[in-house]
Amino acid sequence: MDFENSKTKVNLMRAFAGESMARNRYVFSANFARKEHQHVLEYLFRFTADQEQQHARIFYNHLDELSGQTVIIDAGYPVDLQKSTSELLRAAQHNEYEEFDPVYPQFGRIAREEGFPNIASSFEKIAEIEKTHGDRFGRFAEYVENNQLFVSDVSTKWICLKCGYVHNGFQAPKACPVCSHDQGYFIRLELCPFE
């Protein structure tokens, strides 16, 4: 099929727009979490926002043969103006799961049927990543909802995201004994993306 007349072209632009908006929603959510002194959630949202930007770039680059043209799309996107970090995490989880199933698999199937296997592969692989995002947002939402973001039932290692101090105990320190940053900068060591 001719790419310029394909549904895949439109789906790529929808995905680019969706990933771009998700990135901005996560930056807004990060700012909200920072104001609430939940810095680990701020980092979580920014970490995911950076990955969404990469997804947007991948979809956008698939459109390179249309450079200079305008692609018209008609699509719906969520408005996630929530009142708590827990609600922001749950909204993000829901949106990521929607991309995982049904949106990106459907876009991938269409791309494959239209003869664009590389684009289909991008949709399919990014769908799996979106599942990981949704799972991660859900895990942190549970921590917040169960008041376990900084407390554990078992002795746990906690790392300060500011200075790297590692504390072993049932809860993160109220303030880091090394750099004095508040508890909001602590994360379970096993969840630190850099360990």
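Ser180 lies in the loop between strands β2 (166–171) and β3. Helices (H or I, at least four residues) and strands (E, at least two) are DSSP runs, numbered from the N terminus. This is a predicted model, in which local features need pLDDT of at least 70 and side-chain atom pairs count only at pLDDT 80 or more, while totals for chains, interfaces and linings use all residues. Residues are numbered from 1 along each chain as its sequence is written, and side-chain values use heavy atoms, with hydrogens and water left out.

**Two loop residues**

Phi of Ser180 is a positive value in a residue other than glycine. The loop between α1 and α2 holds His37, whose phi is positive as well.

| Residue | Phi |
|---|---|
| His37 | near 60° |
| Ser180 | near 70° |

Buried means under 20% relative accessible area, exposed over 50%, and partly exposed in between (1.4 Å probe, protein chains only). Ser180 counts as exposed because its relative accessible area is 58%.

**Helix α2**

Helix α2 has 23 residues and reaches 33 Å from its first C-alpha to its last, close to the 33 Å expected at 1.5 Å a residue. The expected span is 1.5 Å times one less than the number of residues.

His39 lies in this helix, which covers residues 39–61. His39 is buried because its relative accessibility is 5%. Its side chain makes a polar contact with the side chain of Tyr185 at 3.4 Å. A polar contact is a pair of N or O atoms within 3.5 Å; within protein, one must be able to donate a hydrogen and the other to accept it, and residues adjacent in sequence count only if both atoms are side-chain atoms.

Contact in general means heavy atoms within 4.5 Å. Leaving aside neighbours within four places in sequence, His39 is in contact with Arg34, Asp182, Gly184 and Tyr185.

Thr48 also lies in α2 and is buried because its relative accessible area is 0%. With neighbours within four places in sequence left aside, Thr48 is in contact with Tyr26, His133, Arg136 and Phe137. The cover over the buried residues of α2 includes α1 (7–35), α3 (85–113), α4 (117–145) and β3 (186–188).

**Nonpolar cores**

A nonpolar core is a set of buried Ala, Val, Leu, Ile, Met, Phe, Trp, Tyr and Cys residues joined through side-chain atoms within 4.5 Å. In the largest one, of 30 residues, Leu41, Phe45, Leu89, Phe140 and Leu149 touch the most other members. Apart from it lies another core of 17 residues, among them Phe3, Met13, Ala15 and Leu63.
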